[in-house]
Every structure is written in structure tokens, then in C-alpha cells.
Amino acid sequence: MAQPTLDFKPAKLDSAPAVLSSTSLPLDSEAAVLSSSSLPLDSEAAVVDAKAALESAFSQETNKSLFPPAVDNPFMQHTHFSAWRWAYIVLMGTVLVPVRVSCIAFLIIFLWPMAALSTIGRRAQPTEPAKNWRRLAQPTLKFFFQVTFFLAGFLVKVKGKKATRDEARIFVAAPHSSFFDVIACVVAGLPSVVSASKNANIPVAGKFLLSTQPVLVTREDPNSRKTTREEILKRVTSNRKWPQILIFPEGVCTNRSCLVTFKLGAFSPGVPVQPVLLRYPNPLDTVTWTWQGFTGFQACMLTLSQPFTRVEVEFMPVHIPNVQEKKDPVLFANTVRIIMANALGVPVTDHTYEDCRLMISAGNLQLPMEAGLVEFTKISQNLKLDWDNIHQYLDKYAEIAVASKGGKVGIEEFANHLKLPISEPLQQLFALFDRNHDGTIDFREYVIGLTVLCNPVNTEKILQMSFKLFDLDKDGFITEQELAAILRAAFGVPDLDVSTLFREIAGPNSDHISYRTFKKFALKHPVYAKLFSSYLDLQAAYVYSLPQPVQA
């Protein structure tokens, strides 16, 4: 089966970061540098090799597919209300909300005992299918739920044909944008759902959830993902009468502007799945419930205040995985995601629930919440980073960005953080981080740039050569005077004060820097390592410019 391609084509962006070229310095600065330190002949080749290694490392990294996402923030929802619209909502809500809430409360009087009866004596995570007498309650529950949503003003339109259990044991529904998406579960006949375990403890709603024989997930438990996959596999491969399973593979609510990364639980078993599309074709969006936007209560009140709310649930053709997709759940998930994205007319991005956690952390660090978005899946896979790595980067980024407006780092904040003046080398370093060339560095660009700078093979060689070149008298130590002489010349600032930087590297009680101290500092602050390598660029340029000896 040919793999589908994504029809949606976002604007093409320049993904490659600017790679530093040889440092351009004023002629008097070059003379100062070259007079301060001349390279031994046996070091010339090493400098050239180090520069080549640096460029090779950058070339490999910049070829990676790290395009900015087609949608900057799928977890933010802004619905604008005009003064007229607010007046209309208040007027309609005054009439509709009390009536609808009263009717729904009356129905719950019948619904809750029925749901409680079907779950009495059963564990929250059942180990065997419900008995026949318990399943008899499902059609009645489905009917009452349909009446409930109708009374709440929902007009549900169903497209396509729902697959039988023999045709597809798993439904995958997307995009997931609201608790109102439970409508898809009702339309599908109340199949089992995969849900957060904490939802089972919600009064009344928890009983309804448990009546579907759910697969419960504990996000905070590192083993929960594995346990969930095993439970899904057990049910879909069993010959026992387990109900079909409905899964929202995104695992997090978005604003429906894209499809974020699909979790693999629905695709690991390698069995046919039926994609289910959810649409809310309303002129005013009141249902979306994301990390930034309406609270749950606000979404409920605003929705109940509308005369009606349209919902479309579309059952797409069953997708039967081919041999490659059965072996590779990631391929299977991406194939289904692209099929659904094409049908919806939206792009795909690599955001995940971890991005939401980073948003919360960014807020706690006094940054705008959206500053934490990095497309966690793509960044972690391409740059070999885990949650702890990226979270540590966020702490470092906050130290620089918290003083700026909008949570982004400009050239001035960058220079102040490095305790260095704005100069050509520093601007070139800033350009390496500023991947979209908008004059600022966001957290995503910071993570990518810092990871590129942390290439271990390249860094060791660069640091060895940098230390030798800074150590003007070749005694194995760098003094403050030596550091000042090189940096003043390199940055073209004769009166540059490097005392603060020297103390930060050497320590408060030392008057020199050993290679071990130099390396430890540079590895902890790879931005400085790149600045040190700027001197290598200059020396390499000098080596190449030397007149070649004339052969006799």
C-alpha cells in the first residue's frame, strides 16, 4: 500500500541555522591578535583540522529536519466576543442555561443509578469482560446520553458507517479538543475508552466512565504507558466479548488547528483501526477546552447559552495495516494521522503532552506559557534529548529571557547574559540560534542551537586548541591578562572588562585557569566554547593567508 502524503503545505521556512563564517575583525584588531599569539608551525594543521571538524559537525546537525511547526501553539484558544455578542450570550444564557441544566439534572437522576448498577462490584480496571446482564444497560444508557446532548443544544450529524468489532476493534478519534468529544463515544455505541485514571473519581461522570469498561492511564506513572499498551493488546487480540475501544491518540486537547503526535497505544497491536473525525462547524467556537483559553466551567456555560451547537462525527473507512505498519507502530500511527489530517484539511505537528508540561514550567518561571513549546517529539528524537534535558534547558533559558518582553531573547539580553559586548563574533553566534532570522531566540531555537554546540567529538578538539591559543606564555595556565588580551582583540574592544568572566571561569580564589577548569566551564556553557572557537577561525584564516614557501 502506498503511503499517503500530507496535502497541506504550510509556508516554506528556512530551517538551516546560520553557520559561523571566519571571524571578520578590524585590521588593527587582527594585528593585535596576531601579535599577541603566533601559532607554532606544528599547530597550524591542528587548527585547520579543528575548524574542519567544527564545520563537519555543524553540517551534519543542520541537515536534520527541524523545520518550525506549521502551527505555533495548538494549545491556545482565543475566541473574540464583540459587545453585541456578549449581550446576546447573556440574554440567551439567562433563559437557556437554567432550563437546560434543570432538564439534564432530571435525566441524571435516571442515568446515575443505571451506571452505578452496571459497575457495582467491578474493579476500575476490569480483568474480564462484563457479564451479559451488565451489558444490557448499554443501549439504555446510550439513549439517555443522546437525549442529554440534545437537551444541551447539540445537533449531531453522523457520516459514514461504524465498523463492527470483527472489522475494527479500535476507533481512533481526532482532533481531541474538548470534554464534549464524549459525543463520539456515545455515537459509537459506548465502547471502552482510554482515559486518565483521575477521571474515574469525578462525581457522577466517573460512574459513567467506569460503565464503559475503560482502560485507565496514569500519566505520572512511568510504567503506565507500557501497561496501557499491554491492556489494549490483550483486549483486541482476545476471543472474549470485550467491547471495541475508542482512543483519542493525541492524548491531549488542542484547538483543532492541526493534528499533534499520535500516541502508539492504538497502533502497537497492529490490528485494523477505524479513524473517526470530529468537527464543530459553528460560527462561534465555545467548545474548545485547551491549556490556554476557556476554563471548563466557562466552556460549559457559553455552550449552553447557544441556541444550538453543531457536531459532525465521521466514520472513515477502516485502515488495515500493511506488513511494514504492523512491524512499525510509528509508521502506522503517522500513516493514519496523515489520512485524517488530509480529510480535515489541517497540517500535522510533533507537539505532545510533554509540551503542555513545559508550558506549565515556563509559566512557573515567569515566562509566557507558549515559550515552553518545542515540538517535544521531533526535538527529543532528532537531538537525542529526554524530558530532563529539555526541562534543564528551560531553566537556563529562563535566566536569560525572564528580563525580556514576550519571553524571547534579543541580542542585548544575549550579550548581557554572556557578559560580553555586542560585536561581529557575538552577532554571528546569535545568528546560529536565531533559525528563522527574526532577531530573537525562542526556547525551541535555544534548545536546537545549544544541542548543536554540545557536540562532544567536536567540542574536545576545539577546547584543546582554544586553550593552547589563549595560553600565550605556554605555561599551562591562562591568566586574566592573557584572557583580556585575546578577547579585547577578538571583539575589537580595547577597554573590555573581562574580570567578571574570568572570576566565573577560574573561581573567586584563583588567579589562573587550568585546562581542566577551562574545559569544565566550556562544557557547562557551550555558548562560550563557540565564542572561543572564533579565535580559531581567525588563526585558520591567518594560516591560509601566509605566503607559500617557494620550492627551489
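Tutor: This is a predicted model. Start with a strand pair: β2, residues 170–174, and β6 pair in the parallel sense over five bridges.

Student: Which residue of β6 does alanine 173 stand opposite?

Tutor: Alanine 173 faces valine 276 in β6.

Student: And what does β6 pair with through four bridges?

Tutor: With strand β7, residues 309–315. Here the two strands run antiparallel.

Student: How do I read the burial of a strand? Is β6 enclosed or open?

Tutor: The general idea comes from side-chain direction. In a regular strand, side chains alternate between the two faces of the sheet. Now take the case here. On one side of β6 sit Val273, Pro275, Leu277 and Arg279. On the other are Gln274, Val276 and Leu278. All of these are buried, so both faces of β6 are covered.

Student: Why is β6 called largely enclosed by the rest of the structure?

Tutor: Because seven of the seven residues of β6, residues 273–279, are buried. The cut-off for buried is under 20% relative accessible area.

Student: What is the strand order in the open sheet?

Tutor: There are seven strands, in the order β1-β7-β6-β2-β5-β3-β4. The pairing is mixed. At the edges are β1 (154–160) and β4 (215–217), and each pairs on one side only. From one strand to the next, the twist averages 25°.

Student: How many bridges join β2 to β5?

Tutor: Three, and the two strands run parallel. Strand β5 covers residues 245–247. Look for valine 172, which stands opposite isoleucine 247 in β5.

Student: Which strands does helix α11 touch?

Tutor: Helix α11, residues 329–344, packs on the sheet and touches β2 and β6. Its direction makes about 35° with that of β6.

Student: Which strands does helix α8 lie across?

Tutor: Helix α8, residues 224–236, lies across β2, β3 (192–196), β4 and β5. It runs at about 170° to β4.

Student: Let us turn to the surface. Which residues form the nonpolar patch?

Tutor: Phe106, Ile109 and Phe110. Together they have about 330 Å² of accessible area. Isoleucine 109 belongs to helix α3, residues 83–119.

Student: Is isoleucine 109 buried or exposed?

Tutor: Exposed, because its relative accessibility is 55%. The cut-off for exposed is over 50%.

Notes: Residues numbered from 1 in each chain as written. Predicted model: local features only at pLDDT ≥ 70, side-chain atom pairs only at ≥ 80, totals over all residues. Heavy atoms only, no water. Buried < 20%, exposed > 50% of the residue type's maximum accessible area, 1.4 Å probe, protein only. Pairing = 2+ DSSP bridges. Axes fitted to C-alpha atoms, helices over the stretch in contact; angles between N-to-C directions. Contact = heavy atoms within 4.5 Å. Patch = residues over 30% accessible without salt bridge, like charges linked within 9 Å, V, L, I, M, F, W, Y side chains within 5 Å. Areas by Shrake-Rupley, 256 points an atom, 1.4 Å probe, with all protein chains shown as cover. Salt bridge = Lys/Arg side-chain N within 4 Å of Asp/Glu carboxyl O.
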